[in-house]
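Subject: Two-chain model, handover and notes

Dear colleague,

Here is the structure we spoke about, with my notes below it. Please read them with the coordinates open.

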Amino acid sequence: MKKRVTLTFPKRTIQMPVAYRLAKDFNIAANIIRAQVAPNQIGKLVVELAGDIDELDAAIEWMRSQGIQVSTANKEIYVDEEVCVDCGLCTGVCPTEALNLAPDTFKLNFTRSRCIVCEQCIPTCPVGAISTNL
Amino acid sequence: MKTIDQINDKIGKKRAVVWTVDEVKTKVAELGIAKIAELVDVITTGSFEPMESSGAILNLGHTDPPIKIRSCTLDGVPAYAGFGAVDLYLGATQLVDFAGEIGDGDERKERGGAHVIADLIAGKGVTLRAIGQGTDCYPRATFDTTITKDSINQFYLYNPRNLYQNFIVGVNGGDRQLYTYLGPLQPRLGNAVYSNTGAISPLLNDPDLDVIGIGTRIWLGGGIGYVAWEGTQHFPLQKRGENRTPIGPGATLALIGDAKQMDPNWVRGCYLKNYGPSLMLGVGVPIPVLNADVVARCAVQDRDIVAPIVDFSIPRRVRPTFGLVSYEQLKSGKIKIEGRTVRVAPLASIYRSRQVAIELKNAIDRGEFLLTEAVSSLPRDRTFIPQDRRQMPSLLED
């Protein structure tokens with residue numbers, strides 16, 4: 001199964017090769033969606049973890065024991081259909097095509113599962129219809 | 001051959017056959033042009049896109065004692081007051097005056113004249129602050145109030161340039177992000193934006209403006225409007241293809257319409273990041289089927305209309321281009337530039353443009369919207385004059 005989580009690393013754990021440990025110890029594929037990691041700073045990582053359900057739980061427990069904050073409440077993109085005018089300008093800056101226009105009706109579609117919450121669509125929207133839920 | 005009078009007669013009896021331009025394009029292969037010309041009386045076209053050369057004329061009514069307004073803001077947005085005493089013109093792209101004090105900074109930065117116009121149309125109250133000139137007949141020095149569309153005399157849009165006949169495709173070949181009137185353009189050809197709706201765009205279905213002229217009644221923002229004049233930068237002499245559609249920005253129209261009748265759903269303030277505010281406006285244009293030629297021109301398809309891909313990274317009047325691309329390619333969402341695939345997005349709402357054509361069709365079907373004969377043709381010989389610095393000969397001699 002897949003689970004998308006946000007990891008927050010305190011400064012002391014920033015050196016830990018987490019993706020390697022997840023793969024080696026828990027047989028989990030960690031697909032990095034977004035990352036903000038710099039020396040001597042608090043790091044943030046949004047990852048999609050794919051693996052056996054028990055291994056996923058064990059991995060999350062292990063990360064927590066290492067002082068890594070694991071959050072499953074993720075920031076999500078929200079499109080307000082009342083405000084949206086279906087212009088489609090956001091589709092050009094969406095790197096994963098989570099936002100696209102239906103080829104026949106040209107109405108805006110949002111496929112949440114493809115969204116990596118890069119937030120480029122938010123300032124692009126001319127009518128302020130896109131926001132994050134957090 | 002039909003006349004406008006005959007068509008209006010049928011509209012009055014609710015017997016007119018009205019098709020949207022989409023229906024014409026879909027059915028032309030099956031039915032043929034002659035058959036459609038026989039069958040259909042009116043073809044409706046529509047557009048919903050940011051049109052920044054738009055603005056509203058307002059007459060406030062006289063105060064007691066009276067005021068001749070020298071300067072004025074509406075919700076902090078300055079309106080032009082250089083007319084008679086209480087006449088104002090509020091431009092869509094006019095920015096909030098930061099010397100004012102309404103609202104907080106970030107939110108206000110993204111508001112402009114367009115938002116104030118849209119708020120008035122939506123029935124909201126707008127704060128007016130005026131400073132008078134103080135003359136013998138208009139002694140009042142200041143006037144502060146809240147206005148709504150119902151508390152003022154005239155409130156109509158007069159838009160100097162709307163409904164561009166074709167436009168460009170914007171890209172950014174440079175190495176930093178650009179914020180343009182087409183929205184954000186990412187560096188190294190990260191994305192592309194087109195702003196015309198191609199084959200459904202009103203003026204591309206009457207490329208030589210044979211049936212659309214001064215005085216043509218239109219559907220503007222949900223109310224009744226008219227073609228007032230040629231638009232600014234009207235450029236009918238733009239190079240054209242075999243089907244007479246221009247290969248870049250061509251004709252434009254100046255439009256006028258009663259804002260009091262308009263529907264907030266079709267008049268929306270918008271903001272293009274780090275560029276400025278603009279007005280998204282629905283415009284519907286009826287095309288009377290006077291003869292088969294009219295239908296032939298409305299049968300034009302996206303594959304037969306092209307626009308130039310323009311590089312915004314060179315901020316000059318004439319920017320380099322990457323050649324022409326068809327609207328069929330643009331609407332696929334991806335175009336090829338120098339062998340690379342680039343995501344391309346529209347700025348005009350194609351969905352809502354079609355809705356406007358349907359709204360106009362419904363209004364005609366209900367017998368509420370009659371067609372007008374143009375009073376005069378739009379000019380076909382305008383060149384596009386660049387502005388360069390000139391000096392008066394007498395000054396050169398000094």
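Predicted model: local features only at pLDDT ≥ 70, side-chain atom pairs only at ≥ 80, totals over all residues.

Chain B overall

Chain B has nine helices and 22 strands. Its C-alpha trace spans about 70 × 60 × 50 Å along the principal axes. A compact globule of 398 residues would have a radius of gyration near 21 Å, and the 23 Å of chain B agrees with that. Of those 398 residues, 47% count as buried. Taking contacts between residues at least 6 apart in sequence, 72% join residues at least 24 apart.

Domains of chain B

Where the two domains of chain B touch, domain 1 contributes 13 residues and domain 2 contributes 14. On the domain 1 side, β17 (267–272) and β18 (276–288) of chain B each supply at least two residues. β17(B) gives the most to that side, with five residues. By class, the domain 1 side that touches domain 2 in chain B consists of eight nonpolar, three polar and two charged residues.

Contact between the chains

How many residues of chain A are in contact with chain B? The count is 17 residues of chain A, in contact with 25 residues of chain B. On the chain A side, the elements that give two or more residues are β6 (99–101) and α3 (121–124). That side of chain A has nine nonpolar, six polar and two charged residues.

Helix α2 of chain A

Helix α2 of chain A covers residues 53–65, which is 13 residues. From first C-alpha to last it reaches 19 Å, close to the 18 Å expected at 1.5 Å a residue. Which residues of α2(A) are buried? They are Ala59(A), Ile60(A) and Met63(A). These three cover an arc of only 100° around the axis, so they lie on the same side of α2(A). The other side of α2(A) has Asp54(A), Asp57(A), Glu61(A), Arg64(A) and Ser65(A), which are exposed. The cover over the buried residues of α2(A) includes β1, α1, β3 (43–50) and β4 (69–71) of chain A. After α2(A) comes Gly67(A), with a positive phi near 90°. This is the remark for which the helix definition was given above.

Thr13 of chain A

Thr13(A) is in the loop between β1 (2–9) and α1 (18–26) of chain A. Is Thr13(A) buried or partly exposed? Thr13(A) counts as partly exposed, because it has 17 C-beta neighbours inside 10 Å, whereas 20 or more would be needed for a buried residue. Setting aside neighbours within four places in sequence, Thr13(A) is in contact with Gln66(A), Gly67(A) and Ile68(A). Thr13(A) and Ile42(A) are 29 residues apart along the chain, and their C-alpha atoms are separated by 8.9 Å.

Regards

Key: Residues numbered from 1 in each chain as written. Chains lettered and ligands numbered in written order. Helix = DSSP H or I, 4+ residues; strand = E, 2+ residues; numbered from the N terminus. Rg over C-alpha atoms; globule rule 2.2 N^0.38 Å. Buried ≥ 20, exposed ≤ 12 C-beta atoms within 10 Å, placed from the backbone. Contact = placed C-beta atoms within 7 Å. Nonpolar A, V, L, I, M, F, W, Y, C, P; charged D, E, K, R; others polar. Expected span 1.5 Å × (residues − 1). Arc of directions from axis to C-beta.
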